[in-house]
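Please read it alongside the model.

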Amino acid sequence: MCKTPRRQPGWIFSGEGLLREISKPFYRRRPGQNHPGHPGNQALTGAGGSKQTRQLSLKIVTIVGARPQFIKAAPVSRAIARYNRDAVSPASRITEFILHTGQHYDHGMSRIFFDEMQIPEPDVNLGVGSGSHGRQTGEMLIRIEEVIQTESPDWVLVYGDTNSTLAGSLAAA
């Protein structure tokens, strides 16, 4: 009997794996600057032409709105907090901005998960509430896009397959 190894796509990470990936040193590039040697990136080249990698702080917007997302976001938020406690310098910290869409909004389907799983308080709660899928997703899309434009994150994290996930993915695209 031949066993085929189970493969995961490269974009699926555990909480710790995600942090290892996003906390790697990176270059901030402006549009049109496709590589560190681009003329606009000369500030990244040190004396004698040696390349300098600068560890920059990261800002992540985490979008949640339903029970499965709260459960998935909890270990990532804890890993970010642990990473920040161990960070060599304040400049290498990760800022997590938690956006709650309000898809699940009553105590038993929302608040209890934040309390019991020690998820940080959301920075924004859109309070979208219930409604038809189209109305709910459309309202989320409009309001999430506003937050993303205001916060200007390096990464946007969405979890699962809910209306919050769809709206967050479209807004971040």
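## Strand pairing

L99 has V124 in β3 as its bridge partner. Strand β3 (residues 124–125) pairs with β2 in the parallel sense over 2 bridges. Pairing requires at least two DSSP bridges between the strands. Helices (H or I, at least four residues) and strands (E, at least two) are DSSP runs, numbered from the N terminus.

β1 and β2 also run parallel, joined by 7 bridges. Here L58 is partnered by I94 in β2. Together, β1, α2 and β2 form a right-handed β-α-β unit. Right-handed means that, with the strands pointing away from the viewer, the path from the first strand over the helix to the second runs clockwise.

## Basis of the model

The model is predicted: local features need pLDDT of at least 70, side-chain atom pairs count only at pLDDT 80 or more, and totals for chains, interfaces and linings use all residues. Residues are numbered from 1 along each chain as its sequence is written, and side-chain values use heavy atoms, without hydrogens and water.

β2 is largely enclosed by the rest of the structure, because 6 of its 7 residues are buried. Buried means under 20% relative accessible area, exposed over 50%, partly exposed in between (1.4 Å probe, protein chains only).

## T165

T165 lies in helix α5 (residues 163–172). T165 is buried, at 9% relative accessible area. Beyond four places in sequence, its contacts (heavy atoms within 4.5 Å) are Q69, V158, Y159 and G160.
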